[in-house]
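Trainee: I would like a close look at one part of this model, the ligand site and the sheets that go with it. Please take it in one connected account.

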Amino acid sequence: MAQYTRVSGSVGLITLQSPPVNALSAAVRQGIVDLMQRALSEPEVKSVVICGQNGIFCGGADIKEFGGQMSGPPLIPMIHAIEAASKPVVAAIEGIALGGGLELALGCHYRIAHSKAKVGLPEVTLGLLPGAGGSQRLPRLIGVPAALDLITTGRHVTAAEALKFGLVDQITDHNTVNVAVKFAQRVTDQPLDARRISTYPCLCPPDVDVLFEEVMQSVRRTARGAIAPIACVQAVRAAATLPYNQGMERERELLATLFTSGQAHALQYFFFAQRAVGRWSMPSGARWDTSKPRPVHKAAVIGLGTMGRGITVALAQAGFSVVAVETQEKQLMEAKQAISGMLERGAKRRGVAPALDKINYGRNIQSVADVDLVIEAVFEDMALKKKVFQQLSAVCKPSTFLCSNTSGLDIDQLACQTRNPELVVGMHFFAPAHVMKLLEVVYGPKSSPLAVATAMQLGKKIGKVSVAVGNCRGFVGNRMLKPYLEQALFLLEEGATPEFVDQVLEEFGFAMGVFRMSDLSGLDVGWKVRMADGLAMPDSTTGQPTRLRQGRRYSPLGDLLCEQRRFGQKTGRGWYQYDKPGSQVAKPDPWLHRFLDEYRARHALVAHRIDHQEVLERCLYSMINEGFRILEDGIAAGPEDIDVIYVFGYSWPRHRGGPMFYAATVGLNKVLERLEHYYQAHPDVPSLQPCPLLRKLVASGSPPIQKWREVIKKVRSQL
Ligand SMILES: CCC/C=C/C(=O)SCCNC(=O)CCNC(=O)[C@H](O)C(C)(C)COP(=O)([O-])OP(=O)([O-])OC[C@H]1O[C@@H](n2cnc3c(N)ncnc32)[C@H](O)[C@@H]1OP(=O)([O-])[O-]
């Protein structure tokens, strides 16, 4: 919808009205078309201003409409009609002008923005391109290189940057609509021909072919198989090389291909999934909208290793007062230096002052007595963490929330060490903690909705995408990673190489294959956990590494590497070899190939030819199967939670929507059938046994992913 008012006698003001972001729904488009006609037909009206209600210009096309039958006036002719208008049209941009919203503004003859406004063409993040003329008008207005940057990254730019590009004509700190109205009155008699961007020539640098070649290469490298960024480059190239009308035709063709691609569907699903995780719920029935968080003003971090340092930086950068505690003097000094460096570099990038004064360092746990919330980030050792929680419970105010940055230990056991177990939750950050977007907020059986709501809100304030999950070994992310890693090792035993497995996974779209990722994280981390679990040791009777544990297949390959002190990048050797310890360039290692051959010979394993399909199916479907178990157990409330965790925490390619969305795309019956096939071939691998929930979903006719929660509810109510 849109509203029309006449202001200052001669200006027609069209206000977009479609909360929350004034998206261009069919009703809004119809409103704009009708009200533009009205403004143009009223003789008293000499100019027009378009704005949005509630301080938001426009969030772009209504993404909810993409899935269904499009109705209402189409965007392109609507924007053309504005550009062709005989009276000046001024866009008054407050808040945001994104996607179709900016394309609408580009159709106007002038753009006035508030200094706090942000603009951008983020269609690429939804698997699309700026297909309402944006890919053709933007390069004509701000030049090819800047347009390529904005369109291929989808980044939002500040009003100041937009002014520098020439994307807006003026910025103001005052009431933008009033300024735009005055501006509109001033330009009433100005000729409009020079203001219609579609008539501009597209100014190209002399070496335009080289520029496009370079940009295309760089986009292909970073796209990890996503097609929209490539189509964006092609569309801008059309603007640079073709007359406007032909460029528009090319834009239309490219958009049509993207629209029908599975990738756009996946990315649009993911857009809503990111928002859905904020509406968390617990099996007890507690929910985001009925559980109020308590404000946190002062927080503490205990343990300043890699994780503790990152968490401290994230908190300080978001404006929290932080007490940072490290009991070892030498470690404390090193941490202080490292944290200050991180804060200074971050502040320089963002053009702000570093938040050094937000942090008070100390060696004594007593110094956290008055904080509202503590995040414990000591070494991943249950006995040590228990001790810290006992101390915290004795030292802190009774109302202090006690959180553990564990990556998989039992939150309940920690809660039991405290006076107020209902105030204990897990806050599982991902390294580097000041950079990675994901936060798993883990509730145990005793955690109160208040504690979950407070941790979720804190996560939001420090810029994380927070997902509330239940308490189990590894929570959601690391629990699903286990069968994935396990299959990768089994594939090596059966004849694959780390290079081949990684290549297949990287072609699928992971930033790193499983072995390169393990080398980066350090192989010793998992080894210590397996030793604590009694897995990484030789068979007690033969003294030999065993391939069977508690009746299940087990691969000791990772343990054998660690026994050779091959811990990955940090030691210069792991699944790959590196030029020197700490180097990141992984090279195939002939030693490892010989080691695998000898290992297979020792265990009488006959290597067979493993193809792409087998690598993908075994690694991904076993992980997805665990995802169904997690849903069945109520550890994650819905498939969106799992998908968001995997995209933000484990580099799952976003254009494939996340593992559960991917399963729906492949077809649940196919996933089930392949799991059955592999389980039959490997009956000693329980993670390949199809989960009952997966069977139930297939038996219910494989409903769309948005309907899974209903089936899950039914399955869980029968348990
Ligand atoms: C045809 C080809 C040409 C054109 C293509 C396009 O324009 S493509 C589009 C290009 N545009 C974009 O890509 C912009 C996408 N939007 C954003 O980036 C952000 O939402 C924001 C920066 C606008 C506001 O951030 P924030 O943190 O303040 O708030 P928030 O993120 O929590 O959202 C609040 C609510 O608004 C909802 N909603 C938002 N936008 C849309 C929409 N366009 N549509 C529908 N709904 C939308 C959102 O789902 C949520 O609903 P919920 O969960 O409450 O029911």
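Trainee: How many bridges join strand β7 to β8, and do these strands run parallel or antiparallel?

Mentor: The model is a predicted one. Strand β7 (residues 118-120) is joined to β8 by 2 bridges, and the two run antiparallel. In general, strands of a sheet pair through backbone hydrogen bonds, in either a parallel or an antiparallel way.

Strand β5 leads on to the ligand. β5 (96-98), α3 (100-107) and α11 (262-276) each give at least two residues to the shell around the ligand. The largest share, 3 residues, comes from α11. There are 23 residues around the ligand, and those that come nearest are Gly-59, Ala-61, Gly-100, Arg-275 and Arg-279. Sorted by class, the shell holds 12 nonpolar, 5 polar and 6 charged residues.

At Gly-59 the backbone is involved: one of its N or O atoms lies 2.9 Å from a nitrogen atom of the ligand. For Arg-275 it is the side chain, with an N or O atom 2.7 Å from an oxygen atom of the ligand. The side chain of Arg-279 likewise places an N or O atom 2.9 Å from a ligand oxygen atom. The ligand taken alone exposes 1,000 Å², of which the protein buries 72%.

The other sheet to consider is also open and has 6 strands, in the order β1-β2-β3-β4-β6-β9, again with mixed pairing. Its edges are β1 (2-7) and β9 (170-172); each has a single partner strand, so one side of each is left without a neighbour in the sheet. From one strand to the next the twist averages 20°. Within this sheet, β3 (residues 47-52) and β4 (residues 89-93) run parallel and are joined by 3 bridges. Val-48 stands opposite Val-89 in β4.

Most residues other than glycine have a negative phi, and most peptide bonds are trans. Ser-8, in the loop between β1 and β2, has a positive phi of about 50° although it is not a glycine. Pro-20 is in the loop between β2 (11-16) and α1 (26-41), and the peptide bond from Pro-19 to Pro-20 is cis, with omega near 5°.

A cis bond also joins Ala-431 and Pro-432, where omega is about -10°. Pro-432 sits in the loop between β15 (424-429) and β16 (438-443). That position can be set against the UniProt record, whose unreviewed entry lists residues 298-471 as "domain: 3-hydroxyacyl-CoA dehydrogenase NAD binding". This span is 38% helix and 23% strand, with its end C-alpha atoms 26 Å apart. The record also places "domain: 3-hydroxyacyl-CoA dehydrogenase C-terminal", from an unreviewed entry, at residues 474-578 and 615-702. Over residues 615-702 the chain is 69% helix and 0% strand, and the end C-alpha atoms are 25 Å apart.

Terms used. Residues are numbered from 1 along each chain as its sequence is written. This is a predicted model: local features need pLDDT of at least 70, side-chain atom pairs count only at pLDDT 80 or more; totals for chains, interfaces and linings use all residues. Side-chain values use heavy atoms; hydrogens and water are left out. UniProt positions are given in the numbering used here, feature names are shortened, and annotations may be inferred rather than shown by experiment. Helices (H or I, at least four residues) and strands (E, at least two) are DSSP runs, numbered from the N terminus. Two strands pair if DSSP finds at least two bridges between them. Axes are lines fitted to C-alpha atoms, for helices over the stretch in contact, and angles run from 0 to 180 degrees between N-to-C directions. A residue is near a molecule or strand if one of its heavy atoms lies within 4 Å of it. A polar contact is a pair of N or O atoms within 3.5 Å; within protein, one must be able to donate a hydrogen and the other to accept it, and residues adjacent in sequence count only if both atoms are side-chain atoms. Accessible areas come from the Shrake-Rupley method with a 1.4 Å probe; for residues, only the protein chains shown count as cover. Ala, Val, Leu, Ile, Met, Phe, Trp, Tyr, Cys and Pro count as nonpolar, Asp, Glu, Lys and Arg as charged, and the others, Gly among them, as polar.
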